[in-house]
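Welcome! Have a look at the model first, then try each task before reading on.

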Amino acid sequence: MKQKTLLLLLVLTLAGSLASCNLPSLSGNPEEDTPITTPSNTATVAESPTLSETVTAAEPSWIERTYDEAADSPKYAIQAVWPNLLGEQAQVDPFNDAINARVDAAISNFLAALADGVDMGGGQGEPPTSTLSIDYELTMAREGLFSFWLTETSYIAIAAHPGTTSLALNYDAHSAAFLSMADLFLAGSDYMNPILGQVDEALVRRGFDYQPEQAAEVMAERENWSLLPEGLRINFDAYEVGPYAAGPQYVMIPWGDLTGILDPNGPASIFMME
């Protein structure tokens, strides 16, 4: 997914059976994780430095962290890839703590769902494999501004289909803060109406029986948007604005369409000069 120039493997294995599983902490400094050995499962945490062409040596950068685990009873596999920022601790720790905790919780919840599930080994043939996959997309890295889109896809064997959730993490390393959509726009501006108007228009055209203003309800409950050089991308998971068969949806709103309401002194100012 990203170019990888170095791989430092930290071998960790989970202690005990699934019911008493003890996950290695994914939070904090990856280099401080303590190896644990057990004969039943195998788990590996690794990190590999990844620098973007748009980030200079003086700016914060990032590495990829990976986590792999597999077991046979019940049969499951976990593969996770996610970013951590590199730079001054005060600037990068809030981001790293938040995303590491998110990945840690996703793995813990997946294993808990397996432990609470029905017996999947009673049938004939090869037992089904439950899976958890965590991945990300980098959509912006510029002048200390980062936009990552994290996706988590899980499948518990015998379920009808996998489930996918996503979350965009937009972070300003220089202010050590996550961004809200309001941070992009002039104070007091009515920025949601033009955004929702374009979202509704785009989703109606896709022909999967989208109901106008459904996106407004989703966006009022949570923010899931990404910064891209070409525009502001609004992300929706499957089921949020349409049936499962329609899959995840996103709507791109060009920066030029938001002229006049973007804050020239805010994070979006880097897009106004292009």
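Two residues are in contact when heavy atoms of theirs lie within 4.5 Å. Keep in mind that this is a predicted model.

**Exercise 1. Find what T151 touches, leaving out residues up to four places away in sequence.**

Step 1: Locate the residue. T151 sits in strand 6, which covers residues 145–155.

Step 2: List its contacts. With residues up to four places away in sequence set aside, T151 touches S133, I134, D135, T165 and S166.

Step 3: Decide whether T151 is buried or exposed. Buried means under 20% relative accessible area. T151 has 19% relative accessibility, so it counts as buried.

**Exercise 2. Describe how helix 2 and helix 3 are placed relative to each other.**

Step 1: Start with the axes. Those of helix 2 (residues 192–205) and helix 3 (residues 214–221) come within 9 Å and cross at roughly 130°.

Step 2: The crossing of helix 2 and helix 3 is right-handed.

Step 3: Pick out the residues that meet. From helix 2 come M192, I195, L196, V199, D200 and L203, and from helix 3 come A215, A216 and M219. Sorted by class, this contact of helix 2 with helix 3 has 8 nonpolar residues, no polar ones and 1 charged.

**Exercise 3. Work out which residues of helix 2 are buried, and what covers them.**

Step 1: Get to know the helix. Helix 2 has 14 residues and reaches 20 Å from its first C-alpha to its last, close to the 20 Å expected at 1.5 Å a residue.

Step 2: Look at the cover. Helix 3, strand 10 (231–236) and strand 11 (249–254) are among the elements covering the buried residues of helix 2.

Step 3: Follow the chain onward. Just after helix 2, G207 has a positive phi of about 75°.

**Exercise 4. Compare the separation of E213 and D200 in sequence and in space.**

Step 1: At 55% relative accessibility, E213 counts as exposed.

Step 2: Take both separations. E213 and D200 are 13 residues apart in sequence, and 6.6 Å apart in space from C-alpha to C-alpha.

Technical notes:
Residues numbered from 1 in each chain as written. Predicted model: local features only at pLDDT ≥ 70, side-chain atom pairs only at ≥ 80, totals over all residues. Heavy atoms only, no water. Axes fitted to C-alpha atoms, helices over the stretch in contact; angles between N-to-C directions. Helix = DSSP H or I, 4+ residues; strand = E, 2+ residues; numbered from the N terminus. Left-handed = near helix turned anticlockwise from the far one by under 90°. Nonpolar A, V, L, I, M, F, W, Y, C, P; charged D, E, K, R; others polar. Expected span 1.5 Å × (residues − 1). Buried < 20%, exposed > 50% of the residue type's maximum accessible area, 1.4 Å probe, protein only.
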